[in-house]
Amino acid sequence: MNFLERINITKEILIFTAILIVVPFVLQNEFHFQLAILAMLNAMICIGLNLLMGYAGQVSLGHGAFAGLGGYIGAILTTEYQFNPLLSILSAVIFMGIFAFIISKPILKLKGHYLAMATLGIGVIINIILNVEYEITGGTDGMAVDSFILFGFELFESMHWYIVVALLLVFTLWIFDNLIKSPFGRILRSIRDSEKAADCVGINVSFYKSVVFTISVVVATIAGSLYGFFSGFISPQEASFNHSIELVVMVVLGGLGRLYGAVIGATILTVLPQLLTAFEEYETLIFGLIIIAIMIFMPKGIVSLWDKILEFKERKFAKSA
Amino acid sequence: MLKVRSVTKKFGGLVAVDNLSFDVKKGSIHSIIGPNGAGKTTLVNMLTGVYKLDSGTVFLDGGDITNIPTNRLVHRGICRTFQNLQVCDNLTVLENVLLGFDKYMSKNLLKTFFRSQKILDDEERYFQRGMHLLSLIGLEEYAHKEAKNLSYGILKRLEIIRALATGPELILLDEPVAGLNTKETQEVSELIKLLVQDDVTVILIEHDMKMVMDISDTITVMNFGQKLAEGTPQEIANNKDVIQAYLGNEGHHG
Ligand SMILES: Nc1ncnc2c1ncn2[C@@H]1O[C@H](COP(=O)(O)OP(=O)(O)OP(=O)(O)O)[C@@H](O)[C@H]1O
Ligand SMILES: [Mg+2]
């Protein structure tokens with residue numbers, strides 16, 4: 001095993017990091033930067049959601065709400081109570097982690113459609129609370145969020161945000177790749193395939209489900225709170241059912257159970273609607289058609305293109321050898 | 001080693017296992033046979049914590065293990081295979097076996113996230129052991145194939161190997177050779193005999209009478225959830241009630 005293998009630096013992560021380095025030179029204005037940062041934050045949530053959905057096989061229609069609630073907690077602690085932003089995010093993570101672990105026991109007993117309904121229900125409740133508790137949350141109008149000050153240095157310029165979020169995203173990819181390639185990851189995949197098989201070799205299925213659910217909510221919370229600080233504003237929109245569905249579509253479209261699928265799905269679904277605004281009233285229609293086309297021609301997600309490229313290269317290599 | 005005392009399981013009005021008692025000796029091959037629907041699989045599910053007993057007690061080496069959940073029984077040395085396959089389709093053959101070893105491997109989250117040496121060492125060590133187990137039954141050539149692409153006969157044997165990986169003292173095999181050809185059946189028989197030499201106790205549910213008669217130390221015959229007879233293969237082969245039960249159900253069993 002060479003050194004790069006030992007520390008699990010893969011071809012994929014090198015290519016992806018290279019792309020992240022090149023992108024800022026291509027981005028032309030403030031809006032582009034905002035879009036790129038939003039795509040990366042969505043990608044982070046999707047990496048966690050994919051671990052839950054794609055690897056452990058447990059669907060969640062509530063992750064938008066979890067990210068949103070986490071974001072609100074971070075925003076409120078800093079804006080209302082003058083917490084240091086890092087401390088706010090840490091508090092949000094601890095609160096949401098405990099919250100997720102507690103609710104996971106009863107809801108992850110459910111399967112398939114019932115699990116989908118339960119997570120959807122919790123998401124809707126969270127959204128209602130954020131709307132109704134306007135004295136704390138600003139209600140439907142949302143609330144302004146203080147800026148992010150890190151060790152006396154205010155994160156203000158988009159380029160700074162871009163660097164911070166990109167580093168965090170690469171780090172997240174790396175630790176999730178480590179997890180997927182470990183016994184822990186194998187256990188998650190076994191639960192997706194056959195809970196009976198996992199159970200019969202001594203795996204405490206409900207415990208692992210709870211842990212993976214909690215991990216995914218924690219990642220969503222980090223991304224959600226960063227979003228609030230970055231945009232300087234947070235509204236119940238972020239915790240809406242719509243956002244939850246978007247996240248699921250990103251994961252499925254990118255490629256269920258594929259680490260980079262989540263990233264590709266999040267990027268395309270964040271950027272595509274902006275590219276389509278030129279079509280004005282037909283925007284949503286075309287957007288829908290593109291998604292349908294992708295699912296028909298790439299049922300295993302967009303990331304399967306990458307497999308095709310590798311296959312093609314291998315075949316060429318085999319021929320020339 | 002295993003004492004089963006008056007265990008009963010009802011499904012609505014149907015008494016699937018009815019006040020059944022028997023003992024299994026350590027290091028023996030104890031077969032449980034009976035016509036279809038006799039309650040054999042139900043009994044396995046009761047002994048491995050899948051079903052809660054309506055009444056009765058199960059002792060392992062003197063300790064009460066009644067109604068302990070399946071995954072915890074594995075840590076007490078009990079493992080089983082399924083009559084209808086339970087293999088993880090999208091895992092490779094070797095990964096399925098490694099699952100059996102997972103109870104010995106570190107799953108510490110911090111070590112996992114940062115890929116500690118311990119995680120890699122475990123993986124390396126159990127990789128070797130997994131390959132060794134697979135070679136016991138001629139499956140090493142399939143080690144890196146995804147389970148979903150493989151034949152029933154291979155997966156059936158894979159389940160036994162996976163159960164062995166958990167390091168059981170008692171293993172319950174529910175129809176391990178159903179659907180296997182003669183050669184494969186022979187291999188499974190050999191493997192079971194090998195296990196017993198290692199002091200593993202085997203409870204074997206099987207319709208293949210030749211195999212049962214060949215390798216069993218003791219046979220318990222079930223019919224309608226009750227114990228019909230018990231004894232050595234010789235005794236069972238000559239038992240009138242058993243012959244009666246089987247003739248009466250001719251055409252139903254495999
Ligand atoms: N989960 C269940 N719910 C209701 N009835 C059940 C259930 N499982 C088994 N039964 C019934 O209990 C009886 C015993 O079934 P069991 O599967 O234990 O038989 P078996 O001896 O394993 O038969 P076979 O040789 O066909 O595998 C059958 O009448 C069956 O229909
Ligand atoms: Mg059966």
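## Helices H8 and H11 of chain A

H8(A) and H11(A) run roughly antiparallel to each other (an angle over 145 degrees counts as such; under 35 is roughly parallel, 65 to 115 roughly perpendicular and the rest oblique). H8 spans residues 158-180 of chain A and H11 residues 205-231 of chain A; they pack at about 175 degrees, with axes 12 Å apart. Axes are lines fitted to C-alpha atoms over the stretch in contact, and angles run from 0 to 180 degrees between N-to-C directions. Helices (H or I, at least four residues) and strands (E, at least two) are DSSP runs, numbered from the N terminus.

This is a predicted model: local features need pLDDT of at least 70 and side-chain atom pairs pLDDT 80 or more, while totals for chains, interfaces and linings use all residues. Residues are numbered from 1 along each chain as written, chains are lettered from A and ligands numbered from 1 in written order, and side-chain values use heavy atoms, without hydrogens and water.

Which residues of H8(A) meet H11(A)? They are A:Trp161, A:Leu168, A:Phe176 and A:Leu179. Their partners in H11(A) include A:Ile215, A:Val219 and A:Phe230. Contact means heavy atoms within 4.5 Å. The residues of this contact are 10 nonpolar, no polar and no charged. Ala, Val, Leu, Ile, Met, Phe, Trp, Tyr, Cys and Pro count as nonpolar, Asp, Glu, Lys and Arg as charged, and the others, Gly among them, as polar.

## Helices H3 and H11 of chain A

H3 (residues 30-55) of chain A packs with H11(A) at about 170 degrees, axes 7 Å apart. H3(A) and H11(A) are therefore roughly antiparallel. From H3(A), the contact includes A:Gln34, A:Leu41 and A:Gly48; from H11(A), it includes A:Ser216, A:Ala220 and A:Tyr227. By class, the contact has 18 nonpolar, three polar and no charged residues.

## Ligand 1 in chain B

Of the 14 residues around ligand 1, B:Asn36, B:Lys40, B:Thr41, B:Thr42 and B:His207 come nearest (near: a heavy atom within 4 Å). The shell holds five nonpolar, seven polar and two charged residues. H1(B) gives the most, with three residues.

A polar side-chain atom of B:Asn36 lies at 2.7 Å, and one of B:Gln83 at 2.9 Å. Taken alone, ligand 1 exposes 630 Å², of which the protein buries 64% (Shrake-Rupley method, 1.4 Å probe).

Key. Polar contact = N/O pair within 3.5 Å; in protein donor to acceptor, adjacent residues only side chain to side chain.
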